[in-house]
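The paragraphs below lead through one protein model, from its loops and helices to its domains and its ligand. Please keep the sequence and the structure in view while reading.

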Amino acid sequence: MAEIVGFGGYVPDRVMTNDDWASLVDTTDEWITVRTGIKTRRFASEDQSTLDLAEHAARRAIADADLQATDIDEIILATDTSEVVTPDTASFLQHRLGAREIPAFDLGGSGCAGFVQALDVARARILLQPKRVLVVGVELIMRLVSWKERETAVLFGDGAGAVVMAPDGGRARVIHAVAGTDGSKAEILTLPVGGTRHPFNADVAATEAHRRLVMNGREVFREAVTRMSSSVLRLLEEAGKSITDVALVIPHQANKRIIDAVGSRLGLDESRVYVNVDRYGNTGSASVPLALWEAEAEGRIAPGDLVVLTAFGAGFHWASAALQF
Ligand code: UT7
């Protein structure tokens, strides 16, 4: 078995409103609200980095599990906004938490699907060898993308979420997970400059090209709706469940219109789809664990509920997981 024994999340204190964005770029509260459903998002303070956000969420999940950091046997951390270029953020987190000399690794570059992919990997690792795995999704997006590009800047926010998984004794069993990739769409949502194809140099620095997120918003929107809804249906079919068994779907929080379209394709009314994109914007791989942490803490999930997580991100990657509470 693979079960979730602790939930955690963290968002920085600094709140950025749509009107704050309207004072910086050519946008309005109305445009952002109507097109995305986002009203506010959180930004890390100058003295915070990805590691700080991850640490807060991880400590909360470990405490919620009634464990100490030294009880953790493995760390898997999903992020596209790593602490440094190398080594990975998981190395820093292992040390910061005071964990033992355990395996710790990042699952990087999967965009917003990273956490659900990591949950699937953790589940497989636990089934192979009983252990306690800390799984973190963290993003400090606003440090790495341009604040001048209205098409992308207003969509995102910073945050972190985490779970501790163990073979038994949890509040939710991961009964099944599915994942997929369509790499033919890799250029549709990408931060292309700064890697080996377009290395960082003086020209890049002068034009801030390394902070320019390339995105075909409409195509990402379409694919996100199609891939999340079809992967939920595949997940349920393979798990021997139907959509009527599902108490709550927790989708990646990118855009309220995407969430509504997924809910409508699955035939779910609003009460069975969790939404917090209005408060946090798109927090990348932090979005699903943050929403899961909040939904549990708010009492939106009861013992016996079947909860489905689903995410979609750059790659394109998608992943869904079924949790039996
Ligand atoms: O997790 C993956 C990350 N990315 C996403 O999830 C994005 C998915 N896509 C979306 O959420 C939507 O496509 C957007 C919110 C990005 C855009 O909404 P849309 O309804 O697809 O709008 P659009 O791209 O068709 O743009 C409409 C207009 C354009 O102006 P014109 O060409 O019609 O004159 C844009 O230039 O809105 C303009 N626009 C803006 N206007 C005010 C784009 N960004 C802004 C802005 N404020 N921030």
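Helices (H or I, at least four residues) and strands (E, at least two) are here DSSP runs, numbered from the N terminus. This is a predicted model, in which local features need pLDDT of at least 70 and side-chain atom pairs count only at pLDDT 80 or more, while totals for chains, interfaces and linings use all residues. Residues are numbered from 1 along each chain as its sequence is written, and side-chain values use heavy atoms, with hydrogens and water left out.

Most residues other than glycine have a negative phi, and most peptide bonds are trans. Phe316 sits in the loop between strand 12 (306-313) and strand 13 (317-324), and the bond that joins Gly315 to Phe316 is a cis peptide bond with omega of about -15°. Another cis peptide bond links Thr86 and Pro87, with omega of about 5°; Pro87 belongs to the loop between strand 4 and helix 4 (89-97). Asp66, a residue other than glycine, has a positive phi, near 60°, and is placed in the loop between helix 3 (50-64) and strand 4.

Helix 3 also holds a charged pair. Glu55 and Arg59 both lie in this helix, four residues apart, which is about one turn, and they form a salt bridge whose closest N and O atoms are 2.9 Å apart. A salt bridge is taken as a side-chain nitrogen of Lys or Arg within 4 Å of a carboxyl oxygen of Asp or Glu, and by this rule the count comes to 24.

How is the protein divided? An automatic or database domain assignment supplies the bounds, giving domain 1 (3-171) and domain 2 (175-324), with C-alpha centres 14 Å apart. With contact meaning heavy atoms within 4.5 Å, 54 residues of domain 1 are in contact with 43 residues of domain 2. The size of an interface is often given as the accessible area lost when the parts come together. Here the buried area, meaning the accessible area (1.4 Å probe) that two parts lose on being put together, summed over both, is about 3500 Å², and carbon and sulfur atoms give 61% of it. In domain 1, the residues that lose the most area to domain 2 are Phe7, Cys112 and Val116, together 17% of what that side buries.

Polar and charged pairs also span this interface. Three salt bridges are counted between domain 1 and domain 2. There are also 16 residue pairs in polar contact across the interface, both residues being at pLDDT 80 or more; a polar contact is a pair of N or O atoms within 3.5 Å, where within protein one must be able to donate a hydrogen and the other to accept it, and residues adjacent in sequence count only if both atoms are side-chain atoms. Helix 5 (114-128) is one of the elements that supply at least two residues of the side of domain 1 that touches domain 2, and its seven residues are the largest share of that side.

Finally, the ligand has 21 residues around it, of which Thr27, Arg35, Gly217, Arg218 and Asn255 come nearest; a residue counts as near if one of its heavy atoms lies within 4 Å. A polar backbone atom of Gly217 is 3.0 Å from a nitrogen atom of the ligand, whereas an N or O atom in the side chain of Asn255 is 2.7 Å from a ligand oxygen atom. For the side chain of Arg257, an N or O atom is 3.4 Å from an oxygen atom of the ligand.
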